[in-house]
Each structure stands twice: as C-alpha cells, then as structure tokens.
Amino acid sequence: MDVKEAVEISKCLSNQTRMQIMEWLREPENNFPPHISIDHFNDGVCATYIHEKSRLSQSTISNYLTNMEKCGLLVMTRHGKWSYFKRNEALITEFAKYLL
C-alpha cells in the first residue's frame, strides 16, 4: 500500500456514518434483516437496507457507498437491479498493517 492509497482510505473513514457502515457490515447477519431475493450475506448487504438503517437520504448513502467502493473498502455485487456491498477484508487488513 502506498501513501496516496492510505490517505484516500483515511478520508473515507473520517466520516462517522461511513465508519458506522463498516461496523454494520462486519457482522451483517446481526445488523440487517434477511434478504428477500437471496438467502445469504455472501455478497453483502443490499444498499436499500444500508440506506434504511442509516436514516440518511438515499443520495447521501449512495454517494458514501460509491466513494467507499472506489477507495477499495467495499466490494459491490449486482443481483438484477440491486447492489450489494460487503467489506473488502483483504484491503482492511493491509491498511491496518500499513498504519502499524
């Protein structure tokens, strides 16, 4: 990991709501209801569920999730018209090691 990448990740994590999203996604089965269309959390959590739990506007959450995906913190998977997000554990581990 280089300094530029670490700075971008740090910027993403400098927001309380984005940090909360990362916490929720650590244990999605404990923080979100079961999915209607798929019966697992292997591909993450539907953006709609994240939006509802955050109680922020859809556009704000969409912006947050997009930025978190761009810097590599989240991985997005599409199922039809729905976007699912999960944590990129490999990058999170690499970032933590870089900080140490």
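Y98 lies in helix α6, where helices are DSSP runs (H or I) of at least four residues, numbered from the N terminus. The structure is a predicted model, in which local features need pLDDT of at least 70 and side-chain atom pairs count only at pLDDT 80 or more, while totals for chains, interfaces and linings use all residues. Residues are numbered from 1 along each chain as its sequence is written, and side-chain values use heavy atoms, with hydrogens and water left out.

Together with V3, V7 and L99, Y98 makes a nonpolar surface patch of about 360 Å². Such a patch joins nonpolar side chains within 5 Å, from residues with over 30% relative accessible area and no salt bridge. Two or more residues of the patch are given by each of α1 (3-12) and α6 (89-99).

R87 is placed in strand β3 (residues 82-87), a strand being a DSSP run (E) of at least two residues. R87 counts as buried, at 12% relative accessibility. Residues up to four places away in sequence aside, R87 touches M22, L25, R26, L73, L74 and I92, contact being defined as heavy atoms within 4.5 Å.

The side chain of R87 also reaches the backbone oxygen of M22 at 2.9 Å. A polar contact (a pair of N or O atoms within 3.5 Å, one able to donate a hydrogen and the other to accept it) links the side chains of R87 and E89 at 2.6 Å.

Terms used. Patches are made of residues with over 30% relative accessible area and no salt bridge: like charges are joined within 9 Å, nonpolar side chains (Val, Leu, Ile, Met, Phe, Trp, Tyr) within 5 Å. Accessible areas come from the Shrake-Rupley method with a 1.4 Å probe; for residues, only the protein chains shown count as cover. A salt bridge is a side-chain nitrogen of Lys or Arg within 4 Å of a carboxyl oxygen of Asp or Glu. Buried means under 20% relative accessible area, exposed over 50%, partly exposed in between (1.4 Å probe, protein chains only).
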